[in-house]
Amino acid sequence: MIQLNKINYWKLTGAIILGYYFLNCARYPEAWHFIDNIDLIIHEAGHWIFMFFGEFMTILGGSLTQILIPVVFCGYFFFRKDFYASSILLMWVGYNIVNVSVYMADAVVMRLPLLGGDTSGHDWNNLLWMTHTLQYASQFSSITWGVGMFVIITGLVLSIKLSVFSFNFTK
């Protein structure tokens, strides 16, 4: 059952501010944003986490972990029935997907600054080269960007709705 609540202006303000932040980050993905400091640590840890599963998974593990960690937090709050927090974290998931799309798009030209400066360590150049799909980097990136934007907008819409409506899943 959906019920109209007294609007929670704190939650609504938080949703709008964070929505603006993540959409702005997605609008200027080449710029460095505060959240990128956290995401970089998570990305690099992902390489270490997946290193036991072979070279391909070690390389993919950075981007995969960068998306999975926010998904885990999002799921945690969802299962605790804190749907507002889950929807806020969904925006972070979406931004990380957008962030990975930028890395994919760079696979051919390799202009993004990498840790250590060694372009031979460009994850998406290596992944797409290993799968013989480097020529599709732009298409993969565009699709991934679209998915990321959809997830950010979905998180924003849900967080705004959850600031205004309550959902009761019991009878």
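1. A polar contact is a pair of N or O atoms within 3.5 Å; within protein, one atom must be able to donate a hydrogen and the other to accept it, and residues adjacent in sequence count only if both atoms are side-chain atoms. The model is predicted, so local features need pLDDT of at least 70 and side-chain atom pairs count only at pLDDT 80 or more, while totals for chains, interfaces and linings use all residues. Residues are numbered from 1 along each chain as its sequence is written, and side-chain values use heavy atoms, with hydrogens and water left out.

2. The side chains of Asn 96 and Asp 39 form a polar contact at 3.4 Å. Asn 96 counts as buried because its relative accessibility is 0%; buried means under 20% relative accessible area, exposed over 50%, and partly exposed in between (1.4 Å probe, protein chains only). Leaving aside residues up to four places away in sequence, Asn 96 touches Asp 39, Gln 66, Ile 67 and Pro 70, where contact means heavy atoms within 4.5 Å.

3. Ile 35 touches Tyr 21, Phe 22, Cys 25, Trp 92 and Tyr 95, not counting residues up to four places away in sequence.
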